[in-house]
Structures are given as structure tokens and as C-alpha cells.
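I opened my notebook to look up a few residues and one surface patch. My notes follow in the order I made them.

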Amino acid sequence: MKASKAVRKGAKPLSAAAKSPPAAGLRQRKLQQTRERLTRAAMALFLERGFEATTIDEIAAAADVSRRSFFHYFASKEDVVSAWQEDAAAALVTEILARPADESMLTAAENAIAAALKRIDPAEAAAMSRLKRDNPALHARDQLKYEKLERALAEGLARRARNKSDQLKARLVAMIATGAMRVGGESWIGEGAREKPEAFVKRTFDAIRAILK
């Protein structure tokens, strides 16, 4: 029997669906890389020139993509800031899941927040906070950030829950921790962002424990 006939008889050719995952995976990575490049370029320009003064054309040029490509990823400049915040929420869930199982939920939340903040440049974080505070459109969206962070925290903590009681506790701890981040962040900026963020997180959670006693 010829080899070509053996192939036809003994093995089925790969379907288009079977061939697509590697190509789809590569395409997805490229899309993600472009999205991240746009986000980094936009944030750098916002901090350097201000939000209002930065144009979409400038962001696209800095990321080495076309203006049209920008709109494949984001509908507006405000959406870029929202994406930055969503990435922070995702990083927080990752940190929560990495915490030891024997930590209490409050301690796990504290340590996860501190670990996530270590990835952020304090000067950049302070500049971004002031930028959002001084821009009405960004300030309004910033309030939504805390809702996303609370959901992210609750999701991560819920995965540690062993029973229904722990599920409720996860939501309550997420609410308390998010409130602490909000108040603490505002205080940190108000005090000139002199203290390291992780040190400020510890001081804030110490205050929570003192209240709960």
C-alpha cells in the first residue's frame, strides 16, 4: 500500500478546530501585548502632560500603532485608565489566592494588598491619584474602581471559604478592606505620599483591628 493511501486510511487529517488553538493563542498574546503597550504609553503621557492635554493620536504614536488600532482596544482615553484599574484588581485576586491557607481572611487581604502595591511605583501611584482627583471624568470613574476592587477581593477570599458562613465573611472582609484602601489612599495622598504604601497598609489594617476589638 502506498504511503499516501495509508495516511488516508489510518489517520484522519487534523480539523480546522484542532489546528486553531496555537494560532489563536499567539493572536491573543499579540492582542494582549498591544493592549498593554497602549496602556503603558497612555499612562506615561498622562503623567507627563496631563490627561486633558494628551491626545489619542499621541498615545497611538507612542505605542507605535495607528489611531484606528487604538479604537480596537479602547473607546476613549478614560477607558485606558479603567483598564489600568482592572489590571490592578486582577493582580489583587492573584495575590489573595497565593496567601497561605492558615491566614485569616483579614490578614490575607492585608498581605495581598501590600504585595500588590509593591509592584507599583509610589510616585507614579501618587501622581495617578492626583490626576484622577483633579479630573471630573476620571474622578467619577475612580469611584467605580472601588466597586471592582471589592468584587475582586470578595472573589479571591470566597475561594478560601470552607462553608456558607465563610462566604458571608469573605464579602464582609472585602467590604471592610476596600473601605480601608479608599480612606487610606486618600489619607496617604493628603499626607504627601511620604510613607511607603505597604507601611501605610499595615497602619490602616492595625486601625481596623483596633476598631474590631
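**Entry 1: N135**

I began with N135, which is found in the loop between α7 (122-134) and α8 (136-158). The helices here (H or I, at least four residues) and any strands (E, at least two) are DSSP runs, numbered from the N terminus. I noted that this is a predicted model: local features need pLDDT of at least 70, side-chain atom pairs count only at pLDDT 80 or more, and totals for chains, interfaces and linings use all residues. Residues are numbered from 1 along each chain as its sequence is written, and side-chain values use heavy atoms, with hydrogens and water left out.

Is N135 buried or exposed? N135 is buried, because its relative accessible area is 6%. The cut-offs are under 20% for buried, over 50% for exposed and partly exposed in between (1.4 Å probe, protein chains only).

Next I looked up the partners of N135. Its side chain joins that of E52 in a polar contact of 2.8 Å. A polar contact is a pair of N or O atoms within 3.5 Å; within protein, one must be able to donate a hydrogen and the other to accept it, and residues adjacent in sequence count only if both atoms are side-chain atoms. A polar atom of the N135 side chain also lies 3.0 Å from the backbone nitrogen of L138. Not counting residues up to four places away in sequence, N135 touches F51 and E52. Contact means heavy atoms within 4.5 Å.

**Entry 2: the nonpolar patch**

Which residues make the nonpolar surface patch? I found L168, L172, M175, I176, I211 and L212, with about 600 Å² between them. The elements that give two or more residues to this patch are α9 (164-190) and α10 (197-212). Helix α9 gives the most, with four residues.

Patches are made of residues with over 30% relative accessible area and no salt bridge; like charges are joined within 9 Å, nonpolar side chains (Val, Leu, Ile, Met, Phe, Trp, Tyr) within 5 Å. A salt bridge is a side-chain nitrogen of Lys or Arg within 4 Å of a carboxyl oxygen of Asp or Glu. Accessible areas come from the Shrake-Rupley method with a 1.4 Å probe; for residues, only the protein chains shown count as cover.

I checked L212, which lies in helix α10. L212 counts as exposed because its relative accessibility is 56%.

**Entry 3: helix α6**

Helix α6 (residues 105-117) has 13 residues. It reaches 18 Å from its first C-alpha to its last, close to the 18 Å expected at 1.5 Å a residue. The expected span is 1.5 Å times one less than the number of residues. How many residues of α6 are buried? I read 10 of 13, so the helix is mostly covered. Among them are M105, L106 and E110.

A108 counts as buried because its relative accessibility is 0%. Leaving out residues up to four places away in sequence, A108 touches I96, R99, E103, L157 and R160. The C-alpha atoms of A108 and V173 are separated by 10.0 Å, though these residues are 65 apart along the chain.

**Entry 4: A174**

A174 lies in helix α9. A174 is buried, with a relative accessible area of 0%. Its contacts, neighbours within four places aside, are E150, L153, A154 and L157.

**Entry 5: the chain**

I ended with totals. The protein chain has 10 helices and zero strands. Of its 213 residues, 37% count as buried.
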